[in-house]
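Open the model in your viewer and keep the selection panel at hand. Each stop below says what to pick and what to look for.

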Amino acid sequence: MAPLSTPKSGDALFASVERVNAELFTLTYGAIVRQLITDLEEVEEVNKQLDQMGYNIGTRLVDEFLAKSNVSNCVDFKETADTIAKLGFKMFLGVTATVTNWDAEGTTCSFVLEDNPLVDFVELPDTCQGLHYCNVLSGVIRGALEMVSMKTEVTWVRDMLRGDDAYEMRVKLTKQVPEEYPYKDDD
C-alpha cells in the first residue's frame, strides 16, 4: 500500500484496539451459531446467515481499519490481500494469516490460518458436518473488500474442525469496481 504515513504493524494495531475477553467472545459467537442452528434447522441456511452477518460486519470494520492503520489505497489485489492477512486479521482477531496459492492472473488466493480464536472449545456434532462454523470470517472479508471496490467470492477449502491441518479460505476477485465520485467539481 502507498502509505499516507508509516502504516502501523499488526502488533501495534492489535494493541491499539479495545478488546473483549477472548473466552467471552468465543462463547458468545458459539451461542449465536447454536441459536442459528436451532432457528434455521438447515445447515446450509446457517452458513448463508453467518456469511451475511460477516458481510455486514466487514462493511463497517473497514472504516475502523483504515482509520487506525494509516494505510491508503492498495495498488492491486495482491497488496490488498497481504494487508488483510498481516494487519486486518491481527488487528481484529489477534492472529495473522498467510496468503498463498495465487493463480496466474493474480485474482485468486488463499488465506491460511493456523490459529483461529473463533473455534476454541468447539467440536462439530455429526449432524452439523456441512456447517462452515467460521463462515462469518468469509463474509467479513467479502464485505470489507466490497467497501474498497472489490467484488469477491470467498469459500472455505480446509477446516480444522473437519480434520484438516489448517483453516483455508479461497478468495477470488470477480470484479474491480472503479471508484465513482458522487459530485462533480463546479469549475
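Is Asp51 buried or exposed? This is a predicted model, and in it Asp51 has a relative accessible area of 16%. The cut-off for buried is under 20%, so Asp51 is buried.

**Stop 1: Asp51**

Select Asp51 and show its side chain. Asp51 sits in helix α3, which spans residues 43-69.

Two of the pairs deserve a distance label. The side chain of Arg142 makes a polar contact with the side chain of Asp51, at 2.6 Å. The backbone nitrogen of Gly139 lies 3.4 Å from a polar atom of the Asp51 side chain.

**Stop 2: the sheet**

Hide the side chains and switch to cartoon. Look for an open sheet of 4 strands. Read across it in the order β1-β2-β4-β3; the pairing is antiparallel. Colour β1 (98-100) and β3 (150-158): these stand at the edges. Each has a single partner strand, so one side of each is left without a neighbour in the sheet. From one strand to the next, the twist averages 30 degrees.

Zoom in on β1 and β2. Strand β2 covers residues 108-113 and pairs with β1 over 3 bridges, in the antiparallel sense. Select Val99, then find Phe111 in β2: the two stand opposite each other.

**Stop 3: the helices on the sheet**

Which strands does helix α4 lie across? Select residues 77-93 to see α4. The helix lies across β1, β2, β3 and β4 (167-176). Its direction runs at about 10 degrees to β2.

Next, select helix α5, residues 135-147. Helix α5 packs on the sheet and touches β2, β3 and β4. The direction of α5 makes about 160 degrees with that of β3.

**Stop 4: Val148**

Move on to the loop between α5 and β3 and select Val148. How accessible is Val148? Its relative accessibility is 32%.

Show what Val148 touches. Not counting residues up to four places away in sequence, Val148 is in contact with Val62 and Leu66. Finally, draw a C-alpha to C-alpha distance from Val148 to Asp63. The two are 85 residues apart in sequence and 9.8 Å apart in space.

Notes:
Residues are numbered from 1 along each chain as its sequence is written. This is a predicted model: local features need pLDDT of at least 70, side-chain atom pairs count only at pLDDT 80 or more; totals for chains, interfaces and linings use all residues. Side-chain values use heavy atoms; hydrogens and water are left out. Two strands pair if DSSP finds at least two bridges between them. Axes are lines fitted to C-alpha atoms, for helices over the stretch in contact, and angles run from 0 to 180 degrees between N-to-C directions. Contact means heavy atoms within 4.5 Å. Buried means under 20% relative accessible area, exposed over 50%, partly exposed in between (1.4 Å probe, protein chains only). A polar contact is a pair of N or O atoms within 3.5 Å; within protein, one must be able to donate a hydrogen and the other to accept it, and residues adjacent in sequence count only if both atoms are side-chain atoms.
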